[in-house]
Each structure stands twice: as structure tokens, then as C-alpha cells.
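Student: Please take one part of this structure and go through it closely. I would like to know which residues sit inside, which face out, and what lies around them.

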Amino acid sequence: HVDRAAAVILLLDPEVAVAGDVGEFVDDDYGMSEAIRRIRDSADGQNVPVAIVLTKCDLHAQMIKAEGGMREFVNRRYSNIVRVATSPRRRFAASAVRASERSDGKIVPNLGYKPVGIIEPMTYCIELMARGLRENSARQVAENFAQSQATSQQSQVESERNSAMG
């Protein structure tokens, strides 16, 4: 999947970066940065859009805010990913299943809220993929035109040469 990626959406739980298991964080930080590096090193990999999505942002809003906001949080906590996921790259906050804390401290889904931030990363990736397709298509048309012009000129030169000799 990595070798054929047209876009990448990284889903990262901020709590893992702050208070999670070290092994789980290494999977996020090192594992994902290596996958991005592999993509960036592939043919045309520099054009693959990367969406860095912090999940469960309704629960982790204060944690993210305490570190200076989403940009600072991602830059500080996921520096390996940021370093290899060069442009095109964008950060997003999402909360697919909104949650609330009950009086007993237990976190439970709150179905009274709609998901937030789940469409934007996909839209970002799709728009950049479409732009790349349009640019590739236009480049291909220009290359085909240039090639047909060169072939036409070569045929004309050969025709004139044959007429002069004949």
C-alpha cells in the first residue's frame, strides 16, 4: 500500500504522544515517518499529499492547547513525521465519535454531537490528487504535441530531401 500511495492520512491519538505506551508511540512516530520517507523517496513521491490528523480532539483539546496549539503540538511531539512529511502536508484536528466524561470519570460516546474534522483531510488529499492529475494530463498533452511536431518536421525535411534528390 505504501508503494502505491496516492495520498496519506495519518491518524494520531495525541494522548499516545503524551502519556501512552512507549512502544505504541514508536509505532506512530518512527513507523509512520519511515512509511512517509519511503513514499517521498519513490518516483513522484514528493507530490503525494500527507494529512496529519490528530484524533479525539474533543477529549484532548486542553492537552493540545497547553502545548501552544495544534501546529506546535504536532511539531514538538511528532517531529520525525514533520521532518519527512514535507510539503504537501497539512495538519487537521478530528473527532469522529464525540465523547463526554460522566460524573464517575468514565469517558463515553456522546451521540448528541456530529463528528467534526473527518471530511477535511479527505477533501485536502482528493483536491491535491486531482490537481496532480490535471497537471500530469496537461504535461502529457504538451509532450505529445511536441513529439508530433518533431515527427512532422522530420517527415517534412525527409520529404524535401527526397524531392531534391529525385
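**Cysteines and helix α3**

Tutor: This model is predicted, and it holds zero disulfides. Cys57 is in no disulfide, as the nearest cysteine sulfur, that of Cys125, is 16 Å away. Cys57 counts as buried, at 12% relative accessibility. Cys125 is likewise in no disulfide, and Cys125 is buried with a relative accessible area of 3%.

Cys57 leads on to helix α3, which covers residues 57–66. The buried residues of α3 are Cys57, His60 and Ile64. These residues lie on the same side of α3, because they cover an arc of only 80° around the axis. An α-helix has 3.6 residues a turn, so residues three or four places apart point the same way. The face turned away from the buried side of α3 carries the exposed residues Gln62, Lys65 and Ala66.

On the buried side, the packing partners are α1 (14–19), β2 (50–54), α4 (70–77) and β3 (89–93). Ile64 shows some of the detail. Ile64 is buried, with a relative accessible area of 8%. Leaving out residues up to four places away in sequence, Ile64 touches Pro14, Leu54, Cys57, Gly69, Met70 and Phe73. Glu15 is 49 residues from Ile64 along the chain, yet their C-alpha atoms are separated by 9.5 Å.

Just after α3 comes Gly68, which takes a positive phi of about 100°.

Note on methods
Residues numbered from 1 in each chain as written. Predicted model: local features only at pLDDT ≥ 70, side-chain atom pairs only at ≥ 80, totals over all residues. Heavy atoms only, no water. Disulfide = S-S within 2.5 Å. Buried < 20%, exposed > 50% of the residue type's maximum accessible area, 1.4 Å probe, protein only. Helix = DSSP H or I, 4+ residues; strand = E, 2+ residues; numbered from the N terminus. Contact = heavy atoms within 4.5 Å. Arc of directions from axis to C-beta.
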